[in-house]
Amino acid sequence: MTFAHPVPRYGHHRAADRLHAIHGAVVGKRSSIVLVTAADGGGKSHLVDSVVAELSGVTSVLVRALPWEKDARWVVAARVLERLPRPENEPARRPAPEGSEVAGVARGAEVAGVAEMAHPGEEDGGRVLVEALALALVSAGPGAVVVVDDAEYADPASLRGLASALEAAAGASVMLVLTLGSPAQGPSAELCSALARETVRLGALDQSEIRTLVATRTGREPSAAAARRLLDYTGGEAGAVATVADEAPDSWWNAPFSVPPLPASVEREIGALLDGMDPGHRAVIEAAAVLSPPVNYDALAALLAARSRATVSPGVIAAALDVAHGADLVRVELEPGAASVRFRSPLLRSAVLRGVPPSQLLRMHALAARIADDAGNLDAALDHRASASIGPDSELSETLRARALMHARAGRWSAAGHAYLTAAALTPDVGRTRDLQIDGVDALLNAGRISEARSLAQSLERVRSDPRRDAVLGSLALHLGHAGEAQVLLDRALAAREDPASGAPVSDPVSLAQKFVVHSLCQWRPGRIRHWATVVTGSGRPDQPEVEEARAIETLGRAIEDGADATPPVEERLAGLAPAVAQRFEMASGWIALARDDLETARRHLGSAVPTADVSGSARISIWAQAWLARTLLLRGDWDDALRVVDTAARRVDDLELDLLAPVVHWPGAVIRSMRGDHLGAAAHLRNLTTSADAYPVQVIPSAMARMQVAAATGDYTSVRLAAEPLVALAARIDIDQPGYWPWHDLYAHALVLAGRLDEAETLIGPAESRAERQGHRSTLARLGAVRARIAAVRGDVDECNRIFRRSLDQLDGLAMPYYSARMHFGYGQTLRRAGRRREAHLALGTARDIYEQLGARAYVERCERERRAGGVDVARTGGNSTLTPQESAVATLVAAGRTNAQAAEELFLSVKTVQYHLTRIYSKLGVRGRTELAAYVSRNTELFETATDPTGEL
């Protein structure tokens, strides 16, 4: 089958990351051979090309093996040699002898001295070619990349020769990439697998990759809903996505909730395949296409028997599935007691159904409905009855509405949305259609499927306003992060409900109040959370999931408002809840535990709240849990795990268009990547943040904190203060100082101290410090104590500084928060060095450096080293710039890197005048005339400035 593929190992994002990681390991070390496999049209060539294009400053060579040259020995190796850079002192490469197999296809491939060699297939000729390849690979430089595309068609001699050349080139560090189809057809497929040290198998495209592919091919910017529909329809197979995108009409892109069009080429291919089958086998495949996946054998046999009015033998079914499996049309999953059949993708299933005559298709759906009823599968039965309908059906619509309500009460929001929308399509009443569509959109929002809800809501925005419509559109605006719009719409729905004289159809009071609960949480108004939660929980409807979600958020609101001892334990309550409802309490409990410094409990609850199936629970709650889980792992020092959680959640946010949660998801990713020196990665996270006037506080606060921490990682404290301005403005309007929830005060206060604004720093931390003392919140007391210690040091009371710092460090004892511990030791070391306690500073900075090194925080390891060199303790004098003191060396390094005098002063904890004084002396000592010449001097003598210090340097 054109679009078949094996079970994937990597999505394209992960595969690209893996290739970059392999290349990073190759550079400067030993060469490696990597195999990249994918189905035809699976995007393997595009992936490799894009990865190579991102590798700047390295040699890259691409050779494509051609099927008709598979028997021409050495042809691929000769092409690689021809395209590699020529080694120094190598004589001109001369053409192969006329009449050889390489002549004409590899002109210029031979090096001098090989012109008279024997036929390229002979042993001596091969040896000389391998030696020439080895020399060229060494000359290609570290990290060179050689790609052999469609390597299964490469002649075996070339592949063995390239592998031998890599082994012979002892000084080379080359990544040889072989791409291979799956299933591979060429003669060298097994050899490729044998030579490879690592294999990267490409899986399906994800939603963001589908959007990129469609935009590239068609010039359209598809919505997330359209991309999601294409993903579901094609299974993410690149070739299938491209085919559907090429043929989809404009009308579908404007209404992507409908089934995508079936490409004519796929219809023809599947039609030809079915026409060539035995009629009995074709009947089996058509019946499997009618049934909802996964198709079990009993249901398949029952439908075949009902259709033919005769029992179909298991042998016939098995033979038909063998044929379809061999054609890559279906996948048969054999498990004890649970054998099932799935089509490779819904696209192929649609193509099979297209070939069934309409009358037979309607009859089979009716038969399948009875079979599903008999098996107790009510949802499948209703779907088949809907598919068998050829016009409006009020009774079926009402049955589906009742089923949707049942799903909603159990928290199965995706299933509820599907049933509501199907019911809307079947009712003849226009007003009823609109009401059911509103209910369907609301269910999709509760499921977290924002992109699909947004697409469907476009039709609601064009009709007359009423309270039910306004409530749902207000909820949509909330999830998109549009606080002002959500407020207007929800208030309008509330006003209409409180004015019966208006005559408008009122919204469900419990559902509306629950929307205000979530709205109040996003506004960070715990008092309002409790008010609206009381409205919901007092409704007398304990069976509704909105009631339990309101109770969970009310628990969180009490903890925010009243502090550490305000909320009872929820362990016993969780045991009696359905999974979809328990998910809310797990998330709230984990968030509260994180705020209370109980990281192990936070990790356990949040980890339990993350998993969710499409038909149970909510992706929205799951992503909240992932965001706080990443924050928990950051504080625990599990940074690699934290990044994996962030990257997964970020893709889900993008796929669902859940913009509300983008800042809280990207916040820990920005912090970790900036501290590890990955400035491009940190910048990618920052692009997903917002502090706009229409954003919610739960968006603004993590956005501002992420920008502050990224700026601090580079020592740019001016930018730290600028990034804090939205927080300062927000704190003047609402209370965001609850200990443990938004730890921003110390970041801003440190930046104020470094600017000499001591009184402002004290005013900022005073109320938060008093609050933390009342609640006994240890990590907050530790962080704010570090600020107070710095203030004492700047005012000249070094003894008081030491006392406060030691007390603050004691507060962290037993909390297992290496991130905070490293930050405090680093600040302590900076302060001691400024106060002239160089040896104590050296020890404190060494402790910080060791912790940062364990975390992989390369940027801060370098800052610790720079601080220690500036202190001049236990570092030997070196030549070159030995006339500079340690502090002058540190100043020179920062200024050469582009820091302003003020930025260098803040990073080294000096005054601007001291930096200016040092620069004057640096220019004189080094004989340079300004910053440009200083930067050039430091660049030429990098190794000297990495190690040069003066143990007698003045502070």
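Guide: Let's start with helix H37, residues 745-754, which is mostly covered: 10 of its 10 residues are buried. Keep in mind that this is a predicted model. Going along H37, the buried residues are His745, Asp746, Leu747, Tyr748, Ala749, His750, Ala751, Leu752, Val753 and Leu754. So why do they get that label? Buried means under 20% relative accessible area, so each of those residues falls under that cut-off. After H37 comes Gly756, and its phi is positive, near 80°.

His23 has a relative accessible area of 6%, so it counts as buried. Leaving aside residues up to four places away in sequence, His23 touches Leu55, Val58, Gly143, Val145 and Met175.

Now for the sheet. It's an open one, with 5 strands in the order E2-E3-E4-E1-E5 and parallel pairing. Strand E2 (60-64) and strand E5 (198-201) are the edges, each pairing on one side only. On average, neighbouring strands in this sheet are turned by 20° against each other, direction ignored. If you zoom in on strand E1 (residues 32-38), you'll find it paired with E5 in the parallel sense over 4 bridges.

Helix H2 (residues 44-54) touches E1, E2, strand E3 (144-149) and strand E4 (174-181), and its direction makes about 160° with that of E4. Helix H5 (residues 156-168) also packs on the sheet, touching E1, E3 and E4, with its direction at about 155° to that of E4.

Last stop is a helix pair. In general, two packed helices are described by the angle between their axes and the distance between the axes. Here the axes of helix H11 (residues 264-275) and helix H15 (residues 346-354) come within 9 Å and cross at roughly 65°. The crossing of H11 past H15 is right-handed. On the H11 side, the contact is made by Val266, Glu267, Ile270 and Leu274, while H15 brings in Leu347, Leu348, Ala351, Val352 and Arg354. Sorted by class, the contact of H11 with H15 has 7 nonpolar residues, no polar ones and 2 charged ones.

Methods
Residues are numbered from 1 along each chain as its sequence is written. This is a predicted model: local features need pLDDT of at least 70, side-chain atom pairs count only at pLDDT 80 or more; totals for chains, interfaces and linings use all residues. Side-chain values use heavy atoms; hydrogens and water are left out. Two strands pair if DSSP finds at least two bridges between them. Helices (H or I, at least four residues) and strands (E, at least two) are DSSP runs, numbered from the N terminus. Axes are lines fitted to C-alpha atoms, for helices over the stretch in contact, and angles run from 0 to 180 degrees between N-to-C directions. Contact means heavy atoms within 4.5 Å. Buried means under 20% relative accessible area, exposed over 50%, partly exposed in between (1.4 Å probe, protein chains only). A crossing is left-handed if the near helix is turned anticlockwise from the far one by less than a right angle, and right-handed if clockwise. Ala, Val, Leu, Ile, Met, Phe, Trp, Tyr, Cys and Pro count as nonpolar, Asp, Glu, Lys and Arg as charged, and the others, Gly among them, as polar.
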